[in-house]
Amino acid sequence: MPTTARSIEKYILAKDGNRPDLLRQCFTPDATLEMVVRTGVISFPPHVNGRAGIADILVRRFGQCYENVYTFCLGEPPKTEATVHTCKWLVGMSVKETGELRIGCGEYHWRFLQTSGLASHLRITIEHMQACTAQDLESVMNWLQSLNYPWCLSSDMIDTAPHISNIDQIVEYLKT
């Protein structure tokens with residue numbers, strides 16, 4: 001039986017690696033997705049119904065635009081018996097078409113079925129999404145690749161963040 005932590009890890013691997021089939025090991029068939037976007041740099045529909053719809057939006061379409069994707073859940077994984085889990089997240093990625101860098105952060109709010117450990121609902125809040133130049137890609141990728149993946153302590157992330165002015169707002173968000 002999947003655990004809640006394993007379900008989240010499968011979601012991260014599916015999204016970051018453009019592997020929609022892995023969502024079978026994360027979401028129930030009738031799962032729902034709620035998106036709260038507080039930035040104009042990226043857009044998503046506010047509601048998506050069903051695992052197939054979630055795969056289309058968060059994996060297939062996302063994978064058409066972005067590459068070099070690293071998503072981190074900040075803090076400790078949920079306990080096996082958890083039916084809810086909230087954590088901050090950070091993502092770094094590059095735009096396929098231009099090579100520009102995107103770094104974003106926000107919060108995940110997960111609800112799981114106790115019987116299966118699969119997610120029945122996910123609310124993703126995108127608080128910040130910063131656009132950076134392609135010249136920043138190497139330093140940011142070096143930073144992200146040096147961190148524990150996909151579970152990372154925010155202090156480790158903050159302490160090793162590259163000195164790029166565009167991400168100051170994100171680093172401050174991670175401190176709260």
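Is Cys105 buried or exposed, and what is its relative accessible area? Cys105 is buried, at a relative accessible area of 0%; buried means under 20%, exposed over 50% and partly exposed in between, with a 1.4 Å probe and protein chains only. This is a predicted model, in which local features need pLDDT of at least 70, side-chain atom pairs count only at pLDDT 80 or more, and totals for chains, interfaces and linings use all residues. Residues are numbered from 1 along each chain as its sequence is written, and side-chain values use heavy atoms, leaving out hydrogens and water.

**Cysteines**

- The disulfide count is zero, where a disulfide is a pair of cysteine sulfur atoms within 2.5 Å.
- Cys105 has its closest cysteine sulfur in Cys132, 12 Å away, which is too far for a bond.
- Cys152 is in no disulfide either; the nearest cysteine sulfur belongs to Cys73, at 10 Å.
- Cys152 is buried, with a relative accessible area of 2%.

**Helix α2**

- Helix α2 covers residues 51–65, 15 residues in total. Helices (H or I, at least four residues) and strands (E, at least two) are DSSP runs, numbered from the N terminus.
- From first C-alpha to last, α2 reaches 20 Å, close to the 21 Å expected. The expected span is 1.5 Å times one less than the number of residues.
- A kink of about 25 degrees is centred on Ile57. The bend at a residue is the angle between axes fitted to the seven residues ending there and the seven starting there.
- Ile57 is also one of the buried residues of α2, with Ile54, Ala55, Leu58, Val59, Phe62 and Gly63.
- An α-helix has 3.6 residues a turn, so residues three or four places apart point the same way.
- The buried residues of α2 pack against α1 (4–17), β1 (27–37), β2 (47–49), β3 (66–74), β4 (84–95) and β6 (119–132). Contact means heavy atoms within 4.5 Å.

**Aromatic residues**

- The whole structure holds 10 aromatic pairs. Rings of Phe, Tyr and Trp (its six-membered ring) pair if their centres lie within 6.5 Å; planes under 30 degrees apart count as stacked, over 60 as edge-to-face and the rest as tilted.
- Tyr11 and Phe27 pair edge-to-face, because their ring planes stand at 85 degrees, with centres 6.2 Å apart.
- This pair links distant parts of the chain: Tyr11 is in helix α1 and Phe27 in strand β1, 16 residues apart.
- Tyr11 is buried at 2% relative accessible area, and Phe27 is buried at 0%.
- One aromatic cluster is formed by Tyr11, Phe27, Trp89, Tyr108, Trp110 and Phe112.
- Trp110 lies in strand β5, residues 101–112, and is buried at 1% relative accessible area.
- Leaving aside residues up to four places away in sequence, Trp110 touches residues including Ile8, Tyr11, Phe27, His85 and Leu122.
- Lys88 lies over the face of Tyr173, 4.4 Å from the ring centre. The rule asks for NZ of Lys or CZ of Arg within 6 Å of the ring centre and within 35 degrees of the ring normal.

**Backbone exceptions**

- Most residues other than glycine have a negative phi, and most peptide bonds are trans.
- Tyr149 and Pro150 are joined by a cis peptide bond, with omega about 0 degrees.
- Pro150 sits in the loop between α3 (137–145) and β7 (151–152).
- Asn18 has a positive phi near 55 degrees. Asn18 lies in the loop between α1 and β1 and is partly exposed at 40%.
- Asn68 has a positive phi of about 55 degrees. Asn68 lies in strand β3 and is partly exposed at 37%.
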